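Subject: Structure handover

Hello,

Here is the structure for your work. My notes follow below it.

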Amino acid sequence: MFNDLQGKRVLITGSTAGIGLAAAKAFIRSGAKVGINGSRNESCQKAREELAALGGDVEYFVADVSKSEQCEKLVSAFVERFGGMDVLINNAGGLGGRRGLETIDDEFYDHVMNLNARSAMMVTKFAIPHLRAAAKASGKTTSVISSGSIAGREGGGMGASLYASSKAWLHNMHRNWVKEFTKDNIRFNVVAPGSIDTAFHNDKSQELIEKISSTIPMGRFGTSEEVAPTYLFLASHACSGYITGQIIDVNGGQMAP
Ligand code: NAD
């Protein structure tokens, strides 16, 4: 059932580490062609080497997706290299720092919103013509999948109001895009991870990590490898061709919306 990812052209933003890198590995193992992205050359190169060792067709594209003009260049470079696009995964994102409401200023607002909201919107905007063309050519749906967050559902931790809200913004953007682009045979879904063991949590003490773990029914953080297959499922027309506009929570039972 999953073999329809064979040869699919998949762009994954923010894929030099963590969930994005694990997703890239999963797509390569499913026979897809994968474009990875990060904002730094060295980490892109390192991730590409790791992925090329798996034997797949993979290329890296350095771009800071918090900047619109770099989103446009990223999509153009990907399409030039792979000849089109079947799947877009908007995964780049991050906390961007912690601040209480009284210390949020315009600069911090722009930083967090550009990283998590503008990035996904702009990459999607530039990808749409290619996803539309690929859907038309294949007669199957193409797919946009974004990394949302449990924070977008429950408000986020202390100091993370903007991050959490940027993810809620992203969740809702997808619902709107379903209305605009389903006629073009493009599907839009969100993967909403709970607490996943990546560099995202580097600012937390071991004590805090244990405290959070105790609130998760599965009693531990998830791994990136446990999140990655959900992107495969949502990318596969055979598996999820009738699923669009959904938020799929991968959180060990941390929240059941
Ligand atoms: P991570 O820090 O391990 O990886 C983030 C990736 O994004 C890296 O490859 C990094 O190079 C890239 N990136 C960061 N800023 C970028 C930019 N401006 N342009 C291009 N690439 C950029 O984090 P992760 O935990 O794997 O997070 C991946 C996604 O999942 C993020 O959107 C994050 O918000 C979301 N998420 C993570 C968790 C978690 O617990 N780890 C929970 C919910 C949501």
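Asp 86 is buried, at 8% relative accessible area; buried means under 20%, exposed over 50% and partly exposed in between, with a 1.4 Å probe and protein chains only. The residue sits in the loop between helix H3 (68-82) and E4. Helices (H or I, at least four residues) and strands (E, at least two) are DSSP runs numbered from the N terminus. The side chain of Asp 86 makes a polar contact of 2.8 Å with the side chain of Arg 9. A polar contact is a pair of N or O atoms within 3.5 Å; within protein, one must be able to donate a hydrogen and the other to accept it, and residues adjacent in sequence count only if both atoms are side-chain atoms. Not counting residues up to four places away in sequence, Asp 86 touches Gly 7, Lys 8, Arg 9, Leu 131, Ala 134, Thr 142 and Ser 143, where contact means heavy atoms within 4.5 Å.

On provenance: this is a predicted model, in which local features need pLDDT of at least 70 and side-chain atom pairs count only at pLDDT 80 or more, while totals for chains, interfaces and linings use all residues. Residues are numbered from 1 along each chain as its sequence is written, and side-chain values use heavy atoms, with hydrogens and water left out.

Overall chain

The protein chain has nine helices and seven strands. Its radius of gyration is 17 Å, close to the 18 Å that the globule rule gives for 257 residues, so the chain is as compact as a globular protein of that length. That radius is taken over C-alpha atoms, and the rule is 2.2 Å times the number of residues to the power 0.38. Along the principal axes, the C-alpha atoms fill a box of roughly 50 × 40 × 40 Å. Of the 257 residues, 49% are buried. The accessible surface comes to about 12000 Å², with 51% of it belonging to carbon and sulfur atoms; accessible areas come from the Shrake-Rupley method with a 1.4 Å probe, and for residues only the protein chains shown count as cover. Among contacts between residues at least 6 apart in sequence, 72% join residues at least 24 apart.

Cores

A nonpolar core here is a set of buried Ala, Val, Leu, Ile, Met, Phe, Trp, Tyr and Cys residues joined through side-chain atoms within 4.5 Å. The largest has 29 residues, of which Ile 12, Phe 27, Val 34, Ile 89, Ile 145 and Tyr 231 touch the most other members. Two or more residues each come from strand E1 (9-12), helix H1 (18-29), strand E2 (33-38), helix H2 (41-52), strand E4 (87-90) and helix H8 (224-235). H1 gives the largest share, eight residues. Another core, of 25 residues, lies apart from this one and includes Phe 61, Val 75, Val 79 and Leu 88.

Ile 12 is in strand E1 and counts as buried, at 0% relative accessibility. Beyond four places in sequence, the contacts of Ile 12 include Phe 27, Val 34, Ile 36, Ile 89 and Asn 91. The C-alpha atoms of Ile 12 and Ser 146 are 9.4 Å from each other, with the two residues 134 apart along the chain.

Asn 90

Asn 90 is found in strand E4 and is buried, with 4% relative accessible area. Its side chain makes polar contacts with the side chains of Thr 124, at 2.9 Å, and Ser 146, at 3.1 Å.

Ligand

Which residues come nearest to the ligand? Of the 30 around it, they are Thr 16, Asn 91, Tyr 163, Thr 198 and His 201, where being near requires a heavy atom within 4 Å. Oxygen atoms of the ligand lie 2.8 Å from a backbone N or O atom of Asn 91, 3.4 Å from one of Ala 17 and 2.9 Å from a polar side-chain atom of Lys 167. The protein covers 89% of the 830 Å² of accessible area that the ligand has on its own.

Backbone

Asn 185 has a phi near 70°, a positive value in a residue other than glycine. Most residues other than glycine have a negative phi. Asn 185 lies in the loop between helix H6 (161-181) and strand E6 (186-193) and is partly exposed, at 31% relative accessibility.

Regards
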